[in-house]
Amino acid sequence: MENLSRDIATLLGLAAVFGYLNHRFLRLPRTIGLVVIALVASLAALAIDALVPGWGVGPGLRAALLDIDFSSTLMHGLLGFLLFAGALHVDLAQLARRRWAIASMASGGLLLSTVLIGLGIWLAFDLFGQPLPLIYCLLFGALISPTDPVAVLSILKTAKVPASLEAKIAGESLFNDGVAVVVFIIILALATGGGGDTGIVEVAVLFLREAVGGAVLGLITGGIAFWALRSIDEHNLEVIITLALVTVTYEVAHLLHTSGPIAVVVAGLLIGNHGTRLAMSETTREHLLNFWTLTDEILNAVLFLLIGLEVVVITASPALLWVALIAIPLVLAARFISVGIPITLLGLRRDFTPGAIPVLTWGGLRGGISVALALSLPASPEKDAIVAVCYAVVVFSIVVQGLTIGRLARRVVPQDLGAED
């Protein structure tokens, strides 16, 4: 309990200090500013440790971060609340109109991206004398392919992206992480020898249990919460009900071996679209949305602070840095292909917003989920290589792509959008 209190105090204290510095001096979008300042502070700590080893700055920071356990903190702590808060503000009607584009990118597109990245990074590792088994390269493809809903939704708040494209980007990012986790689990089992005689049927059953089971669970728990919210009018209690909805849904999903992220997203979409309109008074709706907006801001600050600080736990050789430099354009190229194919095929039957493919490609940000999955790997030389390359791609994605996505959208998307999808 003492360590937990210390960790919370440290994270919130640093988030406040770094947030203040960003607001006063850098004036970057809050999440990007936190990543940049935390990254600079971490590199400074490593530099001090190299110059004055006796101070123990680097080892101390590294020990503190390992004690927090980024992977567990995000996947079993922050993620459910962040996904629910994000889903509350997503227009379900917009998602339904673009359901085929979102579904194709979040499933087939993600699988295609996994294979393309896996093969490409396998060649890159071999080229620089760091051979990695193909199965581990496919594992890297699985964890880096999903666009991160937390990163995407936080950046979309500041980037002026057309509503039609925002719906596709947000919708895909909310659902493809659940698919990616299933693919990651299957490939990890094969890589570590725990897959046994897993065949196509077993894989299909696992996917249905995780994805479809998660969606059904979210509908059930969201429906129960909707009924409870509709039967009362007490805004403080209704906020507590939504908090319970997130925690109970995520825990039940874990017990049933279904996708907690998908379950929470579905519940959030239900409450955010139908619950706020049909089950709440104006006062309750205002209190609830304000509460979740503030919660989202606080948890986002902690998450992006952790992403910036995680550089101190990365072990990277010069060869891995070259692989990382290749991985960045490789991931973008795979994203372009995996987005371009379904959008082009669907575009034969309906009109899409001009510039959709480049915006979807550049706006598909990677974030904490990729880092968390990489850090969750069993200790091995393969893990060290995957974590280092993953971290480089994530930092580039958040900082460079996040800062420029709005500018790109203004350049390639016409101002008068009409009624395109």
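Reader: What makes A163 count as partly exposed?
Author: A163 has 46% relative accessibility in this predicted model. Buried means under 20% and exposed means over 50%. The value of 46% falls in between, so A163 counts as partly exposed.

Reader: Where is the place of A163?
Author: A163 sits in helix α10. A163 and L373 are 210 residues apart in sequence. In space, C-alpha to C-alpha, A163 and L373 are 30 Å apart.

Reader: Why does V40 count as exposed?
Author: The cut-off for exposed is over 50%. V40 has 52% relative accessibility, so V40 passes and counts as exposed. This residue belongs to helix α2.

Reader: How far apart are V40 and L309 in sequence and in space?
Author: In sequence, 269 residues separate V40 and L309. In space the C-alpha to C-alpha distance is 8.7 Å.

Reader: How do you know that T361 is buried?
Author: Buried requires a relative accessible area under 20%. T361 has 7%, so T361 is buried. T361 is part of helix α16.

Reader: Which residues does T361 touch?
Author: Leaving aside residues up to four places away in sequence, T361 touches L332, R335, F336 and Q401. A touch here needs heavy atoms within 4.5 Å.

Reader: Why is R27 called exposed?
Author: R27 has a relative accessible area of 59%. R27 lies in the loop between α1 (2–26) and α2 (30–51).

Reader: What makes phi of R27 worth a remark?
Author: Phi of R27 is near 55°. That is a positive value, and R27 is a residue other than glycine. H257 also has a positive phi, near 60°, and is likewise other than glycine. H257 lies in the loop between α12 (235–256) and α13 (260–278).

Reader: Which residues of helix α6 are buried?
Author: Helix α6 covers residues 99–106. Its buried residues are A101, I102, M105 and A106.

Reader: Why do you say that the buried residues of α6 line one face of the helix?
Author: Look down the axis of α6. The buried residues fall within an arc of 115°, so they line one face.

Reader: What covers the buried residues of α6?
Author: The cover includes α5 (92–97), α7 (108–127) and α10 (163–191). It also includes α15 (318–346) and α16 (356–362). Two of these have come up already: α10 holds A163, and α16 holds T361.

Reader: How many helices and strands are there in the protein?
Author: The protein has 18 helices and zero strands.

Reader: What share of the contacts with a separation of 6 or more comes from residues 24 or more positions apart?
Author: Such residues account for 83% of those contacts.

Reader: What is the accessible surface of the protein, and how far apart are the mean positions of its charges?
Author: The accessible surface comes to about 18,600 Å². Carbon and sulfur atoms hold 68% of that surface. There are 23 positive and 29 negative charges, and their mean positions are 10 Å apart.

Note on methods: Residues are numbered from 1 along each chain as its sequence is written. This is a predicted model: local features need pLDDT of at least 70, side-chain atom pairs count only at pLDDT 80 or more; totals for chains, interfaces and linings use all residues. Side-chain values use heavy atoms; hydrogens and water are left out. Helices (H or I, at least four residues) and strands (E, at least two) are DSSP runs, numbered from the N terminus. Accessible areas come from the Shrake-Rupley method with a 1.4 Å probe; for residues, only the protein chains shown count as cover. Lys and Arg count as positive and Asp and Glu as negative; His and the chain ends are not counted. The place of a charge is taken as NZ of Lys, CZ of Arg, CG of Asp or CD of Glu. Buried means under 20% relative accessible area, exposed over 50%, partly exposed in between (1.4 Å probe, protein chains only). The arc is that of the directions from the helix axis to the C-beta atoms.
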